[in-house]
Amino acid sequence: MKVPLDYRKPDGRTIDVALIRRKATGPNARRVGSLVHNFGGPGVSGVSGLPEFLNPYEPLLDRYGLVSFDPRGVGATIPVRCGKTADDTGYDGTDACAAHSGALLPYIGTSHTARDLDLMHYLLGDERLHYFGVSYGTALGAVYAHLYPSHVGRLVLEASVDPTENLEEEQVSQVKAVQAAFDRFAAHCAARIRHCPTGDGPEEAARRMARLADRLEKKPAPAGGGRNLDAVGLAYAVGDHLDFGTDGWLPLAKALTALIDHNDGRLLGKGADDIGSADRAATPRDSSRASRTVITCADSSLRPGFDGLDRDEARVKTASPVFGAPWSTGVWARRRGAHPPRRRSQKSSELLACPSMPRRPSSPPLGAPPSSHRSSRSSRGPTRLVLQRRLT
């Protein structure tokens, strides 16, 4: 799909947005139109994500064609290059992003992608956009609904991002939610699962997890496929299991038993892989990290330094006895002129990189009037809106 690089210059340079579609299979009389998906991120490819995550959405094919796409800066849509060379898909810091993709960076961000969505549903032949967003995808959906309220059809926002929180506050809320879900698991495990690996309740579970994390930090456990599971990987893998809700409690108990008793991390790693939680991967692929960093910086006005980051990491650590420390030390951060790399939380490290990113707004700000095509429509908002915040 061709779209303007700069919506202020609709007759200027165009770019190609990569799309993928699975056609509806039901009778024509039952079909509603296309349902556009964003599976999270930022930095997650929908072109590769739709085939990967298709199974739970297949029942929708009776009424919808399923569509996804690569947002700007991701996959095959003006991909960001932050490696050592212009062809390198690795991540070598934000100076490399500016050197190899500097001309494109001002046109990457959620508000730009929202404008692409509006053109997308028009080209798909739908009167309104029907949209399913997960995690970061809920932020994209909300921005779209803000810009184009009269163009929204059926809108599902799953595991919604709180729009009142900045990224630092969001990280604290996230770790609190995962801790609460783990406490519910630990209480159930103690009451219902024989030989529960986390002991007699949440307090004992926290102590056992701390001992396990210490052990894995010193000597990671094999997790299959040539991978090893360290303390950070443990926290994220357990968090991914908890995304299954109560259905994941027995598999999580079995996986923790295998890890604690036999130093076998394969079950825990496989369960996390089955979730496909690209949003919370502790060590994202470098190309995804580049996209995530660029989009995060474009969307946020926060520009913290190391001093502020230390304070924010302390807040995350105190928010959860089990997940706080690993959540606050997820990946290495690099930016021009900074101290030597230090282990940092993923979102914090992206914000730390932001000061060295170019800042040249090229799109109408959030809340500005939408583009002119089909502007004569009714001003009423979404026909159906479902919000679901997943905390179990």
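Tutor: Before we start, contact here means heavy atoms within 4.5 Å. Keep in mind too that this is a predicted model.

Student: Got it! Which residues of H6 meet H8, and which ones in H8 do they meet?

Tutor: On the H6 side they are Met209, Leu212, Arg215 and Leu216, and they meet Leu256, Leu259 and Ile260 in H8. By class, the residues of this contact are six nonpolar, no polar and one charged.

Student: Nice. At what angle do H6 and H8 pack, and how far apart are their axes?

Tutor: Helix H6, residues 202-218, packs against helix H8, residues 249-262, at about 55°, and the axes are 11 Å apart. H6 and H8 are therefore oblique to each other.

Student: Left-handed or right-handed crossing?

Tutor: H6 passes H8 in a left-handed crossing.

Student: And what about H6 with H7, what's the angle there?

Tutor: About 135°, with 7 Å between the axes; H7 covers residues 231-242.

Student: Switching to strands: how many residues of S4 are buried?

Tutor: Five of the six residues in S4, which spans 33-38, are buried, so the strand is mostly covered by the under 20% relative accessible area cut-off.

Student: How many bridges join S4 to S5, and do they run parallel or antiparallel?

Tutor: Five bridges join S4 to S5 (residues 64-69), and the two strands run parallel. In one of the pairs, Ser34 has Gly65 of S5 as its bridge partner.

Conventions. Residues numbered from 1 in each chain as written. Predicted model: local features only at pLDDT ≥ 70, side-chain atom pairs only at ≥ 80, totals over all residues. Heavy atoms only, no water. Axes fitted to C-alpha atoms, helices over the stretch in contact; angles between N-to-C directions. Helix = DSSP H or I, 4+ residues; strand = E, 2+ residues; numbered from the N terminus. Parallel < 35°, antiparallel > 145°, perpendicular 65-115°, else oblique. Left-handed = near helix turned anticlockwise from the far one by under 90°. Nonpolar A, V, L, I, M, F, W, Y, C, P; charged D, E, K, R; others polar. Buried < 20%, exposed > 50% of the residue type's maximum accessible area, 1.4 Å probe, protein only. Pairing = 2+ DSSP bridges.
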